[in-house]
Amino acid sequence: MTQEERQTYFEQNGAYPIEESDIPEAERMTPPTAEQIIEGEAIRLKLVAKQYLKDTDWYVVRKAEADIAIPDDILALRQQARLDASI
């Protein structure tokens, strides 16, 4: 953007447009690498699995205290969550 275009933008909007060159190098964000994305997804999966286990722990307590069966679908999902949380 030329200086003249910047000035026109300022006059129309009351502020100068931010350009890449306006941001100090140390403050520029770079997109994550493929490895960082994979690592982040693994962390997210673990957190989701641990939260699922916490949210369904009451079934286990109910089984221990009142001997009421845990539904099979919950048992299967908890088993998968334990595997996901341990990766």
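By about how many helical turns are Glu 41 and Arg 44 separated in helix H2? Being three residues apart in that helix, Glu 41 and Arg 44 are separated by about one helical turn. The structure is a predicted model, in which local features need pLDDT of at least 70 and side-chain atom pairs count only at pLDDT 80 or more, while totals for chains, interfaces and linings use all residues. Residues are numbered from 1 along each chain as its sequence is written, and side-chain values use heavy atoms, with hydrogens and water left out.

**Helix H2**

- Helix H2 covers residues 34-66, where helices (H or I, at least four residues) and strands (E, at least two) are DSSP runs numbered from the N terminus.
- With its 33 residues, H2 reaches 48 Å from its first C-alpha to its last, close to the 48 Å expected at 1.5 Å a residue, the expected span being 1.5 Å times one less than the number of residues.
- At Thr 56, H2 bends by about 40°, the bend at a residue being the angle between axes fitted to the seven residues ending there and the seven starting there.
- Ala 49, Leu 53, Thr 56 and Tyr 59 are buried in H2, where buried means under 20% relative accessible area, exposed over 50% and partly exposed in between (1.4 Å probe, protein chains only).
- The buried residues of H2 pack against helix H3 (72-86), and H2 is followed by Asp 67, whose phi is positive, near 55°.

**Salt bridges**

- The whole structure holds seven salt bridges, each defined as a side-chain nitrogen of Lys or Arg within 4 Å of a carboxyl oxygen of Asp or Glu.
- One of them joins the side chains of Arg 6 and Asp 22 at 3.6 Å, N to O, and this pair links distant parts of the chain, with Arg 6 in helix H1 and Asp 22 in the loop between H1 and H2, 16 residues apart.
- Arg 6 is buried, with a relative accessible area of 15%, whereas Asp 22 is partly exposed at 39%.
- Arg 6, Glu 19 and Asp 22 are linked in a network of salt bridges, and Arg 6, placed in helix H1 (residues 3-13), also touches Met 1, Tyr 16 and Pro 17 among residues beyond four places away in sequence, contact meaning heavy atoms within 4.5 Å.
- Glu 25 and Arg 28 meet through their side chains at 3.2 Å, N to O, in another salt bridge; Glu 25 counts as exposed at 61% relative accessibility, and Arg 28 is partly exposed at 28%.
- In the salt bridge of Glu 41 with Arg 44 the closest N and O atoms are 2.7 Å apart, and both residues are partly exposed, Glu 41 at 40% and Arg 44 at 43%.

**Aromatic pairs**

- A search of the whole structure finds two aromatic pairs, a pair being rings of Phe, Tyr and Trp (its six-membered ring) with centres within 6.5 Å, and planes under 30 degrees apart counting as stacked, over 60 as edge-to-face and the rest as tilted.
- The rings of Phe 10 and Tyr 16 are stacked because their centres are 4.5 Å apart and their planes stand at 20°; Phe 10 is partly exposed at 30% relative accessibility, as is Tyr 16 at 38%.
- Trp 58 and Tyr 59 also form a stacked pair, since their ring centres are 3.9 Å apart and their planes are at 25°; Trp 58 is partly exposed at 45%, while Tyr 59 counts as buried at 15%.
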